[in-house]
Amino acid sequence: LARPLAAGSISRLQVADTAVKSVTQPYETFGGMLPEAEGQFYVRVSERLRHKGRAIQPFDYERLVMEAFPQVYKVKCISHSFALDAHKYDKDYPYAPGYVTLAVIPDLNRLKAGISVEPKVPVSIIEEIDAFIRKRTSPFVRFRTMNPRYEKIDFCIRVQLIKGKDKNYYREKLRQDIIEFLAPWTIGEYDKLTFGQCVYRSDIVGLL
């Protein structure tokens, strides 16, 4: 249950039944959950005793969503912010009392991203999170759930190949290696998908 079953994985009943002619699975499975381990039980109970099912502090928002929506991998609660786009506005307002923004990252083991380098939670789940939190927070809170904004990075790199090597092949190979280095979740390393990652020029030079 940790990963969805691919379409067509289920083709027959575990116990044969003459009343059933055939079994088909046109889509992959969804919504499955692993049995709760003993350690997870104590963590969940401790968090429940702290927030008591109410969203007041950023900790409460994050833990409530993580528990109720297993499709979400990581959550970041930002209070007193309009969540303005840094590319459109020079400065975000430092304080916006009453505004709470929740950024969510999908669990790529459960949800497939339309754009692999910028995984986003579907709008339907965003709306479900909105409705879920509004029932557990103050009616005066101006709450908003959103996908994280991925900042694009441009590189201008000059390299010198060994004489006789195919320029076009190694240009594309270098481009792909840099993408995998900056976005390792595109090759299955989902645990490296997080908020606020820093990229240093020395890291790119070291990669080359």
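Predicted model: local features only at pLDDT ≥ 70, side-chain atom pairs only at ≥ 80, totals over all residues.

Two packed helices are described by the angle between their axes and the distance between the axes. Start with helix α1 (residues 38–51) and α2, which pack at an angle of about 135 degrees with their axes 10 Å apart. Angles over 145 degrees would count as roughly antiparallel and 65 to 115 as roughly perpendicular, so α1 is oblique to α2. As for handedness, α1 and α2 make a left-handed crossing. If you want to see who touches whom, look at R44, E47, R50 and H51 on the α1 side, which meet F59, D60, R63, L64 and E67 on the α2 side. Sorted by class, the contact of α1 with α2 has six charged residues, two nonpolar ones and one polar one.

Now follow α2 to its other partner here. Helix α2 (residues 58–68) packs with helix α3 (residues 123–134) at an angle of about 125 degrees, and the two axes are 11 Å apart. That angle makes α2 oblique to α3. This time the crossing, α2 past α3, is right-handed. From α2 the contact draws on Y61, L64, V65 and A68, while α3 brings I129, F132 and I133. What classes do the residues of the contact of α2 with α3 divide into? Seven are nonpolar, with no polar and no charged residues. Notice that L64 of α2 turns up here and also in the contact with α1.

On to the cysteines. C198, by contrast, counts as exposed because its relative accessibility is 56%, over the 50% mark.

Last stop: H87, in the loop between β1 (72–79) and β2 (99–106). Is H87 buried or exposed? With a relative accessible area of 64%, H87 is exposed. While you are there, find E151 as well: H87 and E151 are 64 residues apart in sequence, and their C-alpha atoms are 9.3 Å apart in space.

Key. Residues numbered from 1 in each chain as written. Heavy atoms only, no water. Axes fitted to C-alpha atoms, helices over the stretch in contact; angles between N-to-C directions. Helix = DSSP H or I, 4+ residues; strand = E, 2+ residues; numbered from the N terminus. Parallel < 35°, antiparallel > 145°, perpendicular 65-115°, else oblique. Left-handed = near helix turned anticlockwise from the far one by under 90°. Contact = heavy atoms within 4.5 Å. Nonpolar A, V, L, I, M, F, W, Y, C, P; charged D, E, K, R; others polar. Buried < 20%, exposed > 50% of the residue type's maximum accessible area, 1.4 Å probe, protein only.
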